[in-house]
Amino acid sequence: IDPTLRNNRILQEAEDPGTAVLLLDVILGYGSHEDPGGATAGAIKEAKNIARKSRRGLTVVASVCGTERDPQVLSEQNAALAKAGARVFSSNTQAAMFAASLAEAIAS
């Protein structure tokens, strides 16, 4: 899975002053990018910098669907995303609930 479109969209959304939370799913396994977390990390860092320069916050929330036995290794992908500044959750449900609670708090 080529990360180019997603990375471009992350940066596009970071430019929008109305964006405060980004929710990402990362999929591991055969047929997926060889390093999806690493391939997305640069866009996450850049997006957070874009928001910071505009004097606003941007929280990136991610979940990784995979296992330690996948070619990309779950723990390595989680670490790459976390190092880039993403809040990483073990399920998309947990990630979505956290992102929704953030969005609700910001809107209040």
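Buried here means under 20% relative accessible area, exposed means over 50%, and partly exposed lies in between, computed with a 1.4 Å probe on protein chains only. The model is predicted, so local features need pLDDT of at least 70 and side-chain atom pairs count only at pLDDT 80 or more, whereas totals for chains, interfaces and linings use all residues. Residues are numbered from 1 along each chain as its sequence is written, and side-chain values use heavy atoms, with hydrogens and water left out.

**Helix 2**

- Helix 2 has 18 residues and reaches 26 Å from its first C-alpha to its last, close to the 26 Å expected at 1.5 Å a residue, where the expected span is 1.5 Å times one less than the number of residues.
- Helices (H or I, at least four residues) and strands (E, at least two) are DSSP runs, numbered from the N terminus.
- The buried residues of helix 2 are Pro36, Gly37, Thr40, Ala41, Ala43, Ile44, Ala47, Lys48, Ile50 and Ala51.
- An α-helix has 3.6 residues a turn, so residues three or four places apart point the same way.
- The cover over the buried residues of helix 2 includes helix 1 (4–15), strand 1 (21–27), strand 2, helix 3 and strand 3 (86–89), with contact taken as heavy atoms within 4.5 Å.

**Positive phi outside glycine**

- Arg55, although not a glycine, has a positive phi of about 60 degrees, and this residue lies in the loop between helix 2 (36–53) and strand 2 (59–65).
- Arg55 is exposed, with a relative accessible area of 81%.
- Val73, also a residue other than glycine, has a positive phi near 60 degrees and is found in the loop between strand 2 and helix 3 (74–83).
- Val73 is buried, with a relative accessible area of 18%.
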